[in-house]
Amino acid sequence: MQSFSKVPNPYVIEAPLGGRKHLDVGDRLEFSVVLFGDALQKLALIVYAMQRAFSYEVCRGKASLQCVYLETEAGDEPIYEPGAESIKPHAQQLTLTAPRGEADKTLRFVTPLRLQNNGKIYGAKDIEPLPFLTALVRRIGLLAEFHGDKPNLNYHALREAALAVESSHALSWQNWKRYSSRQQKSMYLGGLVGTWTLSRVPEALQIFLELGSYLHVGKNATFGLGRYEILH
């Protein structure tokens, strides 16, 4: 782990899909924040930081935090509203489905996937399962190492398993632009979107695919890139 110079953040900010660029006065903006590991115990501090940030400036205006919901299978559960003394007790664990044997998995990337090789972002013509699965295992391993329980992962065995995975895809390049308030300039962060079917994925890698659907993968995952859904 000492060879990694950047520790991944224990959160992901997911902007609403659809790419709306302008908000009028009085409009409501909803977005998701995924927390994992130690960050789950710091929700009160995160909510306070958001309240302070919104009151200072949001897109050259001001805003106020209206409500915090917990996403559940039964629907959104309100756990905090301004003026409340504390955040309501809520579930902080996620139960994953145990895999049963090899399986084909089809992923749909809804925000650009940015995987890099020697400083160059993979395009649709040269993307392969190995760099994707390697990046996914590395990201989850680092998150667990620095923000959760130290994992006991056999990276060599997982890489060998990934080498056997084949795929077909309907991925295409999508340009994506964001404005950096800190750097005072626009940044262009394109990547691949669309569907990708991975064939005969071993059990050992399926759990990483499911975790990745929450934690994202690739460069700039912290602010929502590399987000995918598992279609089947």
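My entries below go through the sheet, the helices, the charged pairs and a few loop residues.

**Entry 1: the model.** I am working from a predicted model, so I kept to local features with pLDDT of at least 70. For side-chain atom pairs I counted only those at pLDDT 80 or more.

Entry 2: I looked up the strand order and found four strands in an open sheet, 8-11-5-12, with antiparallel pairing. Strand 8 (166-174) and strand 12 (228-230) are the edges, and each of them pairs on one side only. From one strand to the next, the twist averages 15 degrees.

Next I went through the bridges. Strand 5 (residues 103-113) and strand 11 (residues 191-201) run antiparallel and are joined by seven bridges. In that pair, I find L113 opposite L192 of strand 11. Between strand 8 and strand 11 I get nine bridges, again in the antiparallel sense. There, S167 has L198 in strand 11 as its bridge partner. A reminder to myself for reading this sheet: side chains in a regular strand alternate between the two faces.

**Entry 3: helices on the sheet.** What does helix 2 touch in the sheet? I find it packed on strand 5, strand 8, strand 11 and strand 12, and its direction makes about 95 degrees with that of strand 11. Helix 4 lies across strand 5, strand 11 and strand 12. Against strand 12, helix 4 runs at about 130 degrees.

**Entry 4: helix 3.** Which residues of helix 3 are buried? In this helix, residues 155-163, I get L158, A161 and A162. They share one side of helix 3, because the arc they cover around the axis is only 100 degrees. The general rule I had in mind is that an α-helix has 3.6 residues a turn, so residues three or four places apart point the same way. Then I checked what sits over these buried residues: the cover includes helix 2 (129-147) and helix 4 (203-215).

**Entry 5: salt bridges.** How many salt bridges are there in the whole structure? My search gives five. I wrote up some of them.

- R227 and E14 meet through their side chains at 3.7 Å, N to O. R227 is in the loop between helix 4 and strand 12, and E14 is in strand 1 (residues 11-14), so this pair ties together parts 213 residues apart in sequence. Is E14 buried or exposed? I count E14 as buried, because its relative accessibility is 10% and the cut-off for buried is under 20%.
- R108 pairs with E229, with the closest N and O atoms 2.8 Å apart. R108 belongs to strand 5 and E229 to strand 12, so parts 121 residues apart in sequence are tied together. I noted R108 as partly exposed at 34% relative accessibility, and E229 likewise counts as partly exposed, at 31%.
- K150 and E145 also form a salt bridge between their side chains, 3.3 Å from N to O. K150 is exposed, with 63% relative accessible area.

**Entry 6: S32.** I find S32 in strand 2 (residues 32-35). Its side chain makes a polar contact of 3.1 Å with the side chain of E71. Leaving aside neighbours within four places in sequence, S32 is in contact with V12, I13, E14 and E71.

**Entry 7: K88.** Where does K88 lie? I place K88 in the loop between strand 4 (75-80) and strand 5. With sequence neighbours within four places left out, K88 is in contact with P78 and I79. I also took the C-alpha to C-alpha distance from K88 to P78: 8.3 Å in space, for two residues that are ten apart in sequence.

**Entry 8: V58.** My last stop was the loop between helix 1 (43-56) and strand 3 (68-72), where V58 sits. V58 has a relative accessible area of 28%, so I have it down as partly exposed. Not counting residues up to four places away in sequence, V58 touches A53 and A63.

Definitions and conventions. Residues are numbered from 1 along each chain as its sequence is written. Side-chain values use heavy atoms; hydrogens and water are left out. Buried means under 20% relative accessible area, exposed over 50%, partly exposed in between (1.4 Å probe, protein chains only). Helices (H or I, at least four residues) and strands (E, at least two) are DSSP runs, numbered from the N terminus. The arc is that of the directions from the helix axis to the C-beta atoms. Contact means heavy atoms within 4.5 Å. Two strands pair if DSSP finds at least two bridges between them. Axes are lines fitted to C-alpha atoms, for helices over the stretch in contact, and angles run from 0 to 180 degrees between N-to-C directions. A polar contact is a pair of N or O atoms within 3.5 Å; within protein, one must be able to donate a hydrogen and the other to accept it, and residues adjacent in sequence count only if both atoms are side-chain atoms. A salt bridge is a side-chain nitrogen of Lys or Arg within 4 Å of a carboxyl oxygen of Asp or Glu.
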